Every structure is written in C-alpha cells, then in structure tokens.
Amino acid sequence: MVKYAQNELFSITDFTKQIGSVVNNIKTHSLEKIGILKNNKLEAVVISTDEYERLKALEETMELAEHSEIYHMIHERKDTPLTEYISEDDMAAKFGIDKSQL
C-alpha cells in the first residue's frame with residue numbers, strides 16, 4: 001500500500017478550495033502526489049502528467065514483456081512432442097463424465 005505524508009492528504013472540500021495551489025505543487029514536484037479523502041476514505045490520487053506518462057509507459061512495457069513470455073512459452077511447447085495421448089473416452093472416464101448426457 002502506498003503511504004502518504006500528512007501534507008499529501010486533502011479532504012475533498014479542502015482540495016476544491018485549494019485546487020490551484022495543490023495542482024501547482026504537483027506540477028512543480030513540491031509534492032509527488034495528493035490523496036483526496038471523502039468521509040476519511042481515500043477516493044482519488046492526483047499525480048503529475050509526467051508521472052502518469054511514466055506509469056503508463058511502464059504498464060505497456062510490462063504488458064509487452066508478459067505477451068513476449070507467453071509467445072515464447074507457446075513456441076517452446078509447440079515443438080514438444082506429446083508423450084501420451086488421452087482419448088476423449090478416457091478423459092471423460094477420468095473426470096466421471098457420462099458422454100451420453102452431453
């Protein structure tokens with residue numbers, strides 16, 4: 001869980017009253033993030049556009065890495081011969097499936 005300093009938490013009322021200065025503090029990196037509270041519960045986080053773009057790029061990189069890993073796993077398995085063939089009847093029996101009821 002992300003930790004917030006006391007000066008990074010604002011009630012929604014205080015945030016709306018001070019939005020200009022709060023956004024400026026985020027923009028100038030005086031504050032890394034702002035947590036907005038509603039009924040003492042964290043509802044939203046404000047970050048700079050630079051930080052948002054960095055996080056989006058990181059997310060895209062992670063997705064590409066995951067896709068690449070899946071791609072390589074499929075290609076490795078594709079060239080692996082099956083060592084044992086299980087028939088449809090054997091599979092149904094193994095899992096207690098009555099094929100006539102399908």
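**The core and its surroundings**

Reply: Happy to, and let's begin with the core of this predicted model. The largest nonpolar core has seven residues: Phe-10, Phe-15, Val-22, Ile-26, Leu-31, Ile-34 and Ile-36.

Me: Nice start. Which elements each supply at least two residues of this core?

Reply: As a general background, nonpolar side chains in soluble globular proteins tend to be buried together. Here, the elements that each give at least two residues to the core are helix H2 (19–27) and strand E2 (33–38).

Me: With which residues is Ile-26 in contact, leaving aside its neighbours within four places in sequence?

Reply: Ile-26 is one of the seven core residues. Setting aside neighbours within four places in sequence, its contacts include two other members of that core, Leu-31 and Ile-34.

Me: Is Glu-8 buried or exposed?

Reply: Glu-8 sits in the segment before strand E1 (9–11). Leaving aside neighbours within four places in sequence, Glu-8 is in contact with Lys-3, Leu-31, Glu-32, Lys-33, Ile-34 and Gly-35. Its relative accessible area is 8%, and the cut-off for burial is under 20%, so Glu-8 counts as buried.

**The chain as a whole**

Me: In what order do the elements of the protein chain run from the N terminus on?

Reply: The protein chain has four helices and three strands. Read from the N terminus, their order is β-α-α-β-β-α-α.

Me: What is the radius of gyration of the protein chain, and why is the chain more spread out than a compact globule?

Reply: For 102 residues the globule rule gives 13 Å, and the value for this chain is well over that, so the chain is more spread out than a compact globule. The box filled by the C-alpha atoms, taken along the principal axes, is roughly 70 × 35 × 20 Å. The radius of gyration itself is 26 Å.

Me: What percentage of the residues of the protein chain count as buried?

Reply: The protein chain exposes about 8900 Å², with carbon and sulfur atoms supplying 55% of that area. Of its 102 residues, the share that counts as buried is 12%.

Me: How many Å apart are the mean positions of the positive and negative charges?

Reply: The protein chain carries 12 positive and 19 negative charges.

**Loops and distances**

Me: Where is Asn-39, and is this residue buried or exposed?

Reply: Asn-39 lies in the loop between E2 and strand E3 (41–47). Its phi is near 55°, a positive value in a residue other than glycine. With a relative accessible area of 73%, Asn-39 is exposed.

Me: What is the phi of His-29?

Reply: Most residues other than glycine have a negative phi. His-29, found in the loop between H2 and E2, is not a glycine but has a positive phi of about 65°.

Me: How far apart are the C-alpha atoms of Lys-38 and Ile-12?

Reply: Lys-38 is in strand E2 and is partly exposed at 45% relative accessibility. In sequence, Lys-38 and Ile-12 are 26 residues apart, and in space their C-alpha separation is 5.9 Å.

Me: And what separates the C-alpha atoms of Ser-87 and Ile-34?

Reply: Ser-87 is in the loop between helix H3 (49–78) and helix H4 (88–94), where it is partly exposed with a relative accessible area of 21%. Ser-87 and Ile-34 are 53 residues apart along the chain, and their C-alpha atoms are separated by 59 Å.

Definitions and conventions: Residues are numbered from 1 along each chain as its sequence is written. This is a predicted model: local features need pLDDT of at least 70, side-chain atom pairs count only at pLDDT 80 or more; totals for chains, interfaces and linings use all residues. Side-chain values use heavy atoms; hydrogens and water are left out. The radius of gyration is taken over C-alpha atoms; the globule rule is 2.2 Å times the number of residues to the power 0.38. Buried means under 20% relative accessible area, exposed over 50%, partly exposed in between (1.4 Å probe, protein chains only). Accessible areas come from the Shrake-Rupley method with a 1.4 Å probe; for residues, only the protein chains shown count as cover. Lys and Arg count as positive and Asp and Glu as negative; His and the chain ends are not counted. The place of a charge is taken as NZ of Lys, CZ of Arg, CG of Asp or CD of Glu. A nonpolar core is a set of buried Ala, Val, Leu, Ile, Met, Phe, Trp, Tyr and Cys residues joined through side-chain atoms within 4.5 Å. Contact means heavy atoms within 4.5 Å.
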